[in-house]
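The following note was prepared for a colleague who wishes to consider this model alongside its sequence.

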Amino acid sequence: MAVYQDSSYLIRCDHFDFNVKRAPGTSASVSGIYRCIGCGQEIVVKKGQLLPEYEEHIHGFELGPPRWQLIVFIL
Ligand SMILES: [Zn+2]
């Protein structure tokens, strides 16, 4: 879970990118923190970089295939 000290550095936003579930190997549309909706692991990815491929992020089979959701967007 992303944690912060000073809320003045964050802005609440309902941008559509927060609702997209991205497959492994997908190019990040924005820089930010992405969370695996299966296991909860969070990673930082820059705009244009690829989210981890299936072989780069492995979690329990029972958690389903990895999908990445943007949780913090960096302007
Ligand atoms: Zn995972």
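**Note on the predicted model**

1. Val72 counts as partly exposed because its relative accessible area is 23%. The residue is found in strand 4. The structure discussed here is a predicted model, and the remarks below should be read accordingly.

2. The surroundings of Val72 deserve a brief description. Leaving aside neighbours within four places in sequence, Val72 is in contact with Ala2, Phe18, Ser31, Gly32 and Ile33. Val3 lies 69 residues from Val72 in sequence, and the two are 11 Å apart in space, C-alpha to C-alpha.

3. Phe18, one of the contacts of Val72, is found in the segment before strand 1. Its relative accessibility is 18%, under the 20% limit, and Phe18 is therefore classed as buried. Apart from residues up to four places away in sequence, Phe18 touches Cys13, Gln69, Leu70, Ile71, Val72 and Phe73. Between Phe18 and Asp6, which are 12 residues apart along the chain, the C-alpha separation is 22 Å.

4. Which residues make up the largest nonpolar core? This core has 10 residues in all: Phe18, Ala28, Val30, Tyr34, Cys36, Ile43, Val45, Leu51, Trp68 and Leu70. Two or more of these residues come from each of strand 2 (32–36), strand 3 (42–45) and strand 4 (68–73). In soluble globular proteins, nonpolar side chains tend to be buried together.

5. Cys36, a member of that core, is buried, with a relative accessible area of 0%. Not counting residues up to four places away in sequence, Cys36 touches Gln41, His57, His59, Pro66, Arg67 and Trp68. Trp68 also belongs to the largest nonpolar core.

6. His59 is placed in the loop between strand 3 and strand 4. A relative accessible area of 17% means that His59 is buried. Its contacts, with neighbours within four places in sequence left aside, are Cys36, Gly38, Cys39, Gly64, Pro65 and Pro66. The C-alpha atoms of His59 and Cys36 are separated by 9.6 Å, and the two residues are 23 residues apart along the chain.

7. The cysteines call for a separate remark. Cys39, a contact of His59, is partly exposed at 35% relative accessibility, whereas Cys36 is buried. A disulfide is a covalent bond between the sulfur atoms of two cysteines. The structure holds 0 disulfides.

8. How many salt bridges are counted? The count comes to 2 salt bridges. In one, the side chains of Asp14 and Arg12 meet at 2.7 Å, N to O, and both residues are exposed. In the other, the side chains of Arg22 and Asp17 meet at 3.0 Å, N to O; here Arg22 and Asp17 are both buried.

9. A nonpolar patch on the surface is formed by Tyr4, Tyr9 and Leu10, which together have about 410 Å² of accessible area. Leu10 is found in the segment before strand 1 (21–22). Why is Leu10 classed as partly exposed? Its relative accessible area is 43%, which lies between the 20% limit for buried residues and the 50% limit for exposed ones.

Technical notes
Residues are numbered from 1 along each chain as its sequence is written. This is a predicted model: local features need pLDDT of at least 70, side-chain atom pairs count only at pLDDT 80 or more; totals for chains, interfaces and linings use all residues. Side-chain values use heavy atoms; hydrogens and water are left out. A nonpolar core is a set of buried Ala, Val, Leu, Ile, Met, Phe, Trp, Tyr and Cys residues joined through side-chain atoms within 4.5 Å. Buried means under 20% relative accessible area, exposed over 50%, partly exposed in between (1.4 Å probe, protein chains only). Helices (H or I, at least four residues) and strands (E, at least two) are DSSP runs, numbered from the N terminus. Contact means heavy atoms within 4.5 Å. Patches are made of residues with over 30% relative accessible area and no salt bridge: like charges are joined within 9 Å, nonpolar side chains (Val, Leu, Ile, Met, Phe, Trp, Tyr) within 5 Å. Accessible areas come from the Shrake-Rupley method with a 1.4 Å probe; for residues, only the protein chains shown count as cover. A salt bridge is a side-chain nitrogen of Lys or Arg within 4 Å of a carboxyl oxygen of Asp or Glu. A disulfide is a pair of cysteine sulfur atoms within 2.5 Å.
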